[in-house]
Amino acid sequence: MSLAECRSAGALEVKFVPDEDVLRHIADDAGVKVQKGKSQLIVNTKRFVKKLEAISDDEAQEILEEKNYVAVLGLCGEESMTNGSSVGGGEVYTFQTPKRSNKMAELASELAQTPGQSVVPDPSECPEKTARTPQSSKRSSSNQVQQKTKKNEFVSTTPYRLRRRLAAPDAQLESESEYSASCSEEEEVEEAQKEVSTVLSHQKTPAKTKAVSTPPSRKTLTKKKDNMNNLVEEYFEAHSSSKVLTSDRTLQKLRRKRLNQQTLHDLLQKSPLAYAAEIKELNQQYESLFSKWMLQLHLGFNIVLYGLGSKHDLLEKFRTSMLQDSVHLVVNGYFPSITVKSVLNSITEEVLDHIGTFRSPLDQLEFIMKRFKEDSSLELYVLIHNLDSQMLRGERSQQILAQLSSLPSIYLIASIDHINAPLMWDQAKQSLYNWLWYETTTFSPYVEETSYENSLLVQQSGSLALSSLTHVLHSLTPNARNQSSLGLSFQDFYQQCREAFLVNSDLTLRAQLTEFRDHKLIRTKRGADGVEYLLIPVDDSTLTDFLEKEDEDV
Amino acid sequence: MSTRSLSKGCFVFKPSPKRRKVSRTTADYFREGNSDLEDSELRFATCQSLQKQVKSETEQIEEELNEQLFDNLVSFLRRSHSAFQEKTTEWTWRTKSREIPTAALVLGVNVTDHDFTFRSLSEVLQNNVTPYIALLEAKDCPGIKNLMQKLLGQLMNCCIDVGSSEEEDYEQVSHTRVRCSMTSLINWYESATKRTDSETPGKKRTSSRHWQSPPVVVIFKDMESFTTKVLQDFVVISSQHIGEFPLVLIFGIATSPMIIHSLLPHSVSSLLCIELFQSLSCKDHLSTIIDKVLLTTQFPLKLSEKVLQVLINIFLYHDFSVQNFIKGFQLCIVEHFHSNPLSILCCQLEEAKRRVNSLSHNQCENVRRLPSFRRYVESQVSEKQIALLTADSSLKEAVRKLLEDLNVYHENYFPILRCLHVFTSSLPKYPLGKQIRELHCACLENRVWETEEYESSLQLARMLNKSDLVTMLQKCVEILVSSPGREFDEIVERLKEFLTQFQKLEETYQERDESVSPQKELQKKTNLYNLQKTLLELKESRRSKKLTKFEMLRFEVVDYIDSLVRRYLVPADHKTLHEIVYFNTASVLREHLNAAPRIALHTALNNPYSYLKESSPVIYFAKCEPEVRFILRRSTHKIKCHSVFIDPLKIQQVVTWSISSSLLRIVSGQENVIFG
């Protein structure tokens, strides 16, 4: 009940919040944030100092930098379009995290310093905050727990690094150029901060901002002296804490993270595709290549398409426009249970009309090769969507497909999407495939390809598990009910149950557990020491929901 | 019909039989893909014939290159089982014969070409030595059992090829039933040889090609990939039976012959009687191909410097595969004829001249548009300029002449290039490259005589000794005499003159030796002052010494070579109409042969504007409200934090997630978020 309420509040109440609130909100987070590792903080403040010198708060500068950054990338891009290899190995997908994060710091400080012009509509965070305040008063004690967890989630919704960055700026914006951190003092301050913030984080008052901001202002002027001494240490400390680069932001931490399939679908439907015209033009460009592809297929090459975006539609268009008059085979590599055998089967059974079975795929391949060599009038176009899919990427599958494609009268056109797809092929396979590579970056969504997969966003069977959990629980005797606790060793569990007077023997407990097991709500696993462990294969959030519900019911 | 299904992943589409008739030919596709419809049929025909020529030429070259190796192998096979053929039953032979004759064939690292080599090898053996050949690959033989299965299967099948069709049924049955063991192999061998012995006279022809009791040849294509155990077992088992049937092993080795000893322990390798064969290295192979295919006037299509560089780089840095090099060359041919409407003139000179006559007006316009032709027009007098630009007939006349020039240029270019290569390849440190292909690239790139390398190589050439110089000149004469160029008589004359002068020099040298040297005079004088004076004089004279005759001659020779280079090795793109015969879009080649999908993804994600050219990023950012940017930034950050990002299939999911989580109102499309 309360859950649903809260959820709807989050989804519907989109509210514009004045800047001051947002700032305070960010500062709140910052306060809690300081608790994180000290070395990290040092590194960041350190970096921050450097950065701040470069930051100027006017918009133009920002945009200029932006421009430079983009221009650099654009250069790479352009070159890669023409000769394909100007972006060197290291540059590709290193993500340039430091650069990014300092950009964020700039932005954040910019926002902090120019309050007049920006309003941050943050439907996920601020509305919730406002929505929850009136409720919290009338909550029952059981909701307290929930609120707490919620709060934790809520707190972490601002990017970790951003929070860290923000810890410093609003307190010391004036004196930051002189500020330079030194380890020992930093530690003390942090110690103090930690205490303050841990206390405050439970109370959640606006005063927190002030409390947090006082300690840093104390230390600002006293730092400079043993700067040099610590430089070396700082250097190593800075480089040892590689943790800084990764973020702890995961899907799990996100409040309101899961939607059901339908809502997600609707949401996606609503958002219009940006740059539709350009993308269309891009696609038309590729479509003009169709006859060239046909020519090259006929000249003994095979074609592989790569690049971002689904190539399904493109290939489908190719098929409908060019292959209507010839025998062709379409293989959906993304189909979850596709195998080479099914590909071979459809060739032998449907293309060659052969009835009979084969001992192994290799035999089958030999048969196909023989038939195609004997009968030169036989021609077959093979279209494979996602040649690099889970099921087809195996060495043997690729070998068979490669041998198949090396036949002069089999024309293969395939698409690959995985970034490491070319690693599937060694030299021998590549020469069998005889690829011609075509870059077809379509930017179109992978709708078809992912349709068989479970989306990360959709709440996986959560409601199902929840309902089954409730059902099973209700069907049990009251004694059995309380056993649905946690993953722990069987003996411990038995002991607990005994102490709670739930069961009186090993056997009865087992008998009661079978009910859970049958509904896949519990799993047993043998640990390394041979002890049986009980696990509940349902994720935490579902369980929490469940417990909440139970509490309400009681 | 749809290709979406929840139960199926493969869909076969068959056209209705009525529609099947109208299937199009390759030529149709060639025509369709062309924006220029000009003469596409003729172009396609030319393209095909050229491809065929290249293919047959390269195959022939390969055959020639392998001939020596195969001859050696055949004679090895002959030797190895001569004893068995004589059917000697001597005890000594019996004991000795525990060793299996083995040929270790070192083929080099160009693994992709090995298939071709093995195929032609087994063909050669099949034709000359034995019908019983089994080709084994490591991937088919994870265990000894699979190996025997494969071996027996192949042997019995090849027996069918030789045998008559009526035996086929019998063989087919036995193939599936036979237990795969060495004894069954021996039994099969005995029956097989017996059968061929007792064949009807009509079939004798087939068996007479082979020897009496032909050996069974087992080829291990990729020795290195076999597991040690399988190999060991096979060798040990078959060595037990070597007395009963003649077995010969051939190991295909990609690395070094040492691998045999590291794979097999001494006890096993001592059962083998190994003889080493070395195939030609792939680099030599490539040089031959380049020499015979690219550096001749035989094929009208030429590759520009960049294209050649791309192909060579792929070869050197990726696969060492000559086959792939040829494939790249074939692609060049297709691309050239496909993309260039004027490629119709890219054929033998006589034919091209004929085709010039029938050029359409559009094609004439195409010619006028060529940059090199424009340069040519600008260099003409004004009346001629007008004629060239307006009248098609005068244009055709000019084109004919220019094509002829181009042909002559090529005829002269290659022999002179070879001559220059004779010089540069013997210089220390090879300033212009060791291989002729490097020299060729340097010459194509720009005026070679303006480069530093050329300068230094000339300087080095001026220091060559006489015997080297003479042999080089002789080589040059040979090259020039054998080449078809018309202008070379004079050059040959001149070079021969140089040679005779060197000859004469030798005689004069001998005379000079007899004359009194200043040193001798020196000994006479004992006065210190005089001594000093003469020494000074000597020093003086040495400094300002007149060059010896030899040195003069050497200078003359080098200068002459230099003048030849300046005259004949003009880079091709200085020539008018070079666009017709030179394929120079290297980027296309690299894109299709040596693609970088990683970089494509990187660019698409980081800078989609390189694809969606319309709107520029700057404008985009200016349009955005600051908070939008802020949130976009954050969402990008989120995306980047997730490892799922690496799999592009999942990107969308992450993106949708960030949409649904906080950005519902703002984000209007995925690109925004990705771009951030």
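User: Is Glu404(B) buried, partly exposed or exposed?

Analyst: Residues are called buried under 20% relative accessible area, exposed over 50% and partly exposed in between (1.4 Å probe, protein chains only). Glu404(B), with 32% relative accessibility, is partly exposed. Please note that this is a predicted model, in which local features need pLDDT of at least 70 and side-chain atom pairs count only at pLDDT 80 or more, while totals for chains, interfaces and linings use all residues. Residues are numbered from 1 along each chain as its sequence is written, and side-chain values use heavy atoms, without hydrogens and water.

User: Which side chain meets that of Glu404(B) in a salt bridge?

Analyst: Side chains of opposite charge can pair when their charged atoms come close. A salt bridge requires a side-chain nitrogen of Lys or Arg within 4 Å of a carboxyl oxygen of Asp or Glu. Here the partner is Lys353(B), at 2.6 Å, N to O. The pair links distant parts of the chain, 51 residues apart: Lys353(B) lies in helix H17 (residues 349-357) and Glu404(B) in helix H21 (residues 392-424) of chain B.

User: Where do Asp562(B) and Arg566(B) lie?

Analyst: Helices are DSSP runs (H or I, at least four residues), numbered from the N terminus. Asp562(B) and Arg566(B) are both in helix H28 (residues 549-568) of chain B, and because they are four residues apart, about one helical turn separates them. Their side chains form a salt bridge at 3.1 Å, N to O. Asp562(B) is buried, at 11% relative accessible area, whereas Arg566(B) is partly exposed at 39%.

Key. Chains lettered and ligands numbered in written order. Helix = DSSP H or I, 4+ residues; strand = E, 2+ residues; numbered from the N terminus.
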